Structures are given as C-alpha cells and as structure tokens.
Amino acid sequence: MYFDPRSIRPMSGQFIGGQEVREGEAHAVPSPSDSDIAFSVDWASEDLVDRAVTDARRAWSRSGWGSSAPRERAVILHRWADLVDTHAEEIAGLEAVVSARIYPEVMSRDAKVVSGVLRYFAEYADKIDGTVTPTPQNSFSFTVHEPYGVVAAIAPWNFPIILAAWKFAPALAAGNAVVLKPSELTPFAAVRIAELAVEAGLPAGLFNVVQGGGAVGAALVKHPQVDYVTFTGSSATGARIMADAALSGIKPVSLELGGKGPQLVFADAPDLDRLAATIARGITYNSGQVCFAGSRLVVARPIADDLLDRVLAQMRGGRTGTTWDEDTTIPPIINQRQLDRIDAIVADAISDGAEALCGATRIDADRAGFYAPTVLRGVTTANRAFRDEIFGPVLAVQEFDDEDEGVGLANHPDYGLTASIHTSDVSRAFRAARRIESGTVWINDWGRRTDFTAPFGGYKRSGIGKDMGRSGFEKYMKTKAIWLELH
Ligand code: NAD
C-alpha cells in the first residue's frame, strides 16, 4: 500500500482570500476505489461564489498583479512550482484517494506536470511582445496585451490537477486572477495547490477555489465580474456554459470537450505487435477515462483478424485494485452511474449486432466498480458505441477497404479531439493527417507526452480554443491597439 487512505486529511471548505472558508452544505465525496471510504466537502452557496469572485477582483486590483513587471509574476510561479514538487506526495495522496488516478502515476506524472506547467507558463509572462503596426509617417500605432481580469476555470475529474493547472497557470502568468471550480468528485488536491500558491508569494485572493456541482459552476460562469470562462468537461456541459456566458455578458469562453478518437490503421502499418500494445493502451489507460482515448479502431480489412488477435492478447492480464495498492494496473471507474452507463452502451451495441471479443462485463472487486477491457467488433455508425463518448475501456471496431472509406469512418460526425494514423507510407500518413478533422493527429503513435509546447483542443463538438502551447497562454490576454497622431 502506497499510503493509508484513512490518514488523508483534505481541506473541506472553500479557499477564498488565502484561507479556508467553512460555510455551505456538506456533501459526501466517496472514494471510487473503496466504498467504505468517503470524505466530505462543503458546496458553495451562490453568495459564497459571489464572495470568491469579488474577493478575486479586489485582490487583482489592489495587488496590481496584472500591471506588475511580468518577471515578478514569473518568480512567484517558479517558487510555487518548487513547492508543488516538495509536496508531491501529499498532493498525490489527496488526488488518488478520490479519483481514478493511480498513486505512482500522480507522483511520477500528474504532480510533475503541474509544476512543469507552472514553470512553462511563468516563462511566457515576459515574452509576449506587442507589435508596431504599419502606419503613415504622421502617426504611430502599436499593440499591447492585457489580462482580462477574473478568469473562471472549471475542471473535470479524470485528470483533476493536470487539467486545472492547464488553466490556472497560464491565466495567472498572463496577469489575471482565477477562481477555480474543481469537479465535485475530485475536489481536494487543487485546493492544497492553491494554498501553496499563497506560501509562494501569490497575493491572497488571486487564486480562489470554490467547491460544488453544476449549479456552483453555473453561478460562477454567470457572475457579472467574471471576464473569461475556461472549461474542460463534457460537450453537453460545454454547450450550457457557452449559452450562459453569452447571456451573462458575452464573455469569451474556451472549451475543451469530449472525444471519440480513431486509431486509423492501414494494411501497411509497421510492427503490429507494437501497434497492438499502443491500441490496447490507448483504450485501457486510466480505464478509458481519457478525453483523447483511442476509442475507435478503424482497421484495413486484410489485417483486421491478425491485429485484433494481438490487441486481445495485450488486453489480458492487468490487475484491478485501489489507486493506492502497489499492484493495481486497472483503476476503478469513477462512480456507479458511469459504470452503469458503460454497461448500457455495451449491451446496446451487442443487441445491435456487434460482437464482444472480450470483456463486456463489470469486474467485481472488493467494494468498488471496475469494467473489463472490452473490444466490440462490427459496431455500426448508427450505434451509440460509435456515436457517443463512452469514457470507459471499450474499443469499437470498424473495418474498411480503401483509403477514402477509412478516412471517412475515422472522421466522426460530432467529435474531433484527437486521431491516430498508422501506416508505413509517409505520403499516405500526411495525406490522411490533412483530411482528418481533428485538433491533434498522431502518426504511428497515440497519447499525449508530457511536453507543454503543442496546443491541445478539439474540432467540432470537441471544443473551442486551445490549452497549452503559446495559444494556451495568449488566450488569457486581450489585445489593444494604441494610436498616436504625430504633429
Ligand atoms: P462534466 O461536464 O460533467 O463536468 C465538468 C465540470 O463542469 C465539473 O466541474 C462540473 O461540476 C461542472 N459543471 C457541470 N454542469 C455545469 C454547468 N451547468 N455550468 C458550469 N459548470 C458545470 O464532465 P466530467 O464528467 O467531469 O468530465 C468528463 C468529460 O470531460 C468527458 O466528456 C471528457 O472527454 C471531457 N474532457 C475533455 C478534455 C479535453 O482536453 N478536451 C480533457 C479531459 C476531459
């Protein structure tokens, strides 16, 4: 056991003005790993949301954060990143105990991504220049970039601290204040990270955290003093947020939403064993609770049988267990509702003619819910297993005869977050990459690396705008053109 879950002591309140605020109704936060373990968090009332936002606005104005020397902001963010590193064990415990993230992965990846993202965006703070624009000689015009003010950030539960950091780090580095609402299912690690910010020297109130469900998120989005909304979550919630932002002040929004990523495999794909391992990992990693999961295998008919045999071999083995157990490789599904949803979609696909090559069942483990890695062959494009994001370890397989058909199947009618193409032919790889309607395309690969440089965001219903990379920083600033008439 990496840690004793009963030793975890999370902060249960909101974090406003640099301190914990204990108000609001207590709600249970169950552990997906073990139903005997549950914590509690206070959900913010509308008044508390208002307090968090007005406090952030006040701190932003009084501290001069947005007009300070950008290097001063960078220094504080670097100190904060160091503190995240030194508290990684504590953060990992808070994260693992209520999420599906396995403790060693939070230690080796998630916590390091948070500190790395802080450092990466700290270094953007003083590197975005304005431009002098071409004008007649009797005038002078230049652009400056300015922070919005208060940014509302709303995060999901599947990679809680990584996805929160993708937002708060660039927004703060660009000179904004941030009010974060983590998912009600995974509220604890982010609030500890916010506490460390104050220890690093971030003025109290510049980074507030409110807790609660959809209503709390909606109150935050609609608050008149919120200037920008950045969201990661489902497409359905994204649509509501966009409408609320439009109706409460025409606020800019950026939306990182769902995905239904294809693994498009041509008959000349290299190294089928390695490819099979990539495909299996693409749908079983984090038990498939990944927005960029490779959840559809679109494979050339001549190699389909061979490749599927190898994928099935890769899917065998694996051990379910708690996120703090040293032997766990298959983490739990986040909650019973999600488990029921996965099961219903799989049953629906099977009754619609798909063949289950493996899985298609819950795995009973002590006091928690797991779903067996599942491969469904012959899923039709009308079926939910093709159309909907399942967010579980379920791979939907379709076969094609020529390149046009393959690309056509790979292009999903609704989603366009990520896609993988596997082929030995460079021209085909580039041709297909240009035809794929998706914000990210991997060639002979799948999965995000821990680099921060590439923008990440979807086409179609997978989102609007990008997180990470230069555009993931610039979106938190508005551009002003200043004109001077020369006499
Ligand atoms: P969700 O949409 O249910 O919830 C996300 C967040 O929004 C939560 O904090 C929730 O409390 C809040 N929320 C719910 N209703 C709201 C409302 N009306 N107004 C404001 N906030 C509201 O999503 P989830 O189940 O937490 O996360 C899984 C989803 O997130 C999947 O669809 C997944 O693909 C997506 N996701 C996308 C990315 C990406 O980068 N594109 C990354 C991770 C997850």
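How do the axes of helix H3 and helix H6 cross, and within what distance do they come?

I began with the ground rules: this is a predicted model, in which local features need pLDDT of at least 70 and side-chain atom pairs count only at pLDDT 80 or more, while totals for chains, interfaces and linings use all residues. Residues are numbered from 1 along each chain as its sequence is written, and side-chain values use heavy atoms, with hydrogens and water left out.

**Entry 1, helix pairs.** I looked up H3 (residues 88-96) and H6 (residues 188-200), and found that their axes come within 7 Å and cross at roughly 150 degrees. Helices here are DSSP runs (H or I, at least four residues) numbered from the N terminus, and axes are lines fitted to C-alpha atoms over the stretch in contact, with angles from 0 to 180 degrees between N-to-C directions. H3 and H6 are therefore roughly antiparallel, a term for angles over 145 degrees. On the H3 side I noted Glu 90, Ile 91, Leu 94 and Glu 95, which meet Phe 188, Ala 189, Arg 192, Ile 193 and Leu 196 of H6, where contact means heavy atoms within 4.5 Å. By class this contact has six nonpolar, no polar and three charged residues.

I then turned to H2 (residues 70-86) and H5 (residues 160-173), whose axes come within 10 Å and cross at roughly 150 degrees, which makes H2 roughly antiparallel to H5. Arg 73, Leu 77 and Trp 80 of H2 meet Phe 168, Ala 169, Leu 172 and Ala 173 of H5, and these residues divide into six nonpolar, no polar and one charged.

I found the chain divided into domain 1 (5-257 + 462-482) and domain 2 (262-451), with bounds from an automatic or database domain assignment. Their C-alpha centres lie 31 Å apart, and the contact takes 31 residues from domain 1 and 27 residues from domain 2.

Technical notes. Helix = DSSP H or I, 4+ residues; strand = E, 2+ residues; numbered from the N terminus. Parallel < 35°, antiparallel > 145°, perpendicular 65-115°, else oblique. Nonpolar A, V, L, I, M, F, W, Y, C, P; charged D, E, K, R; others polar.
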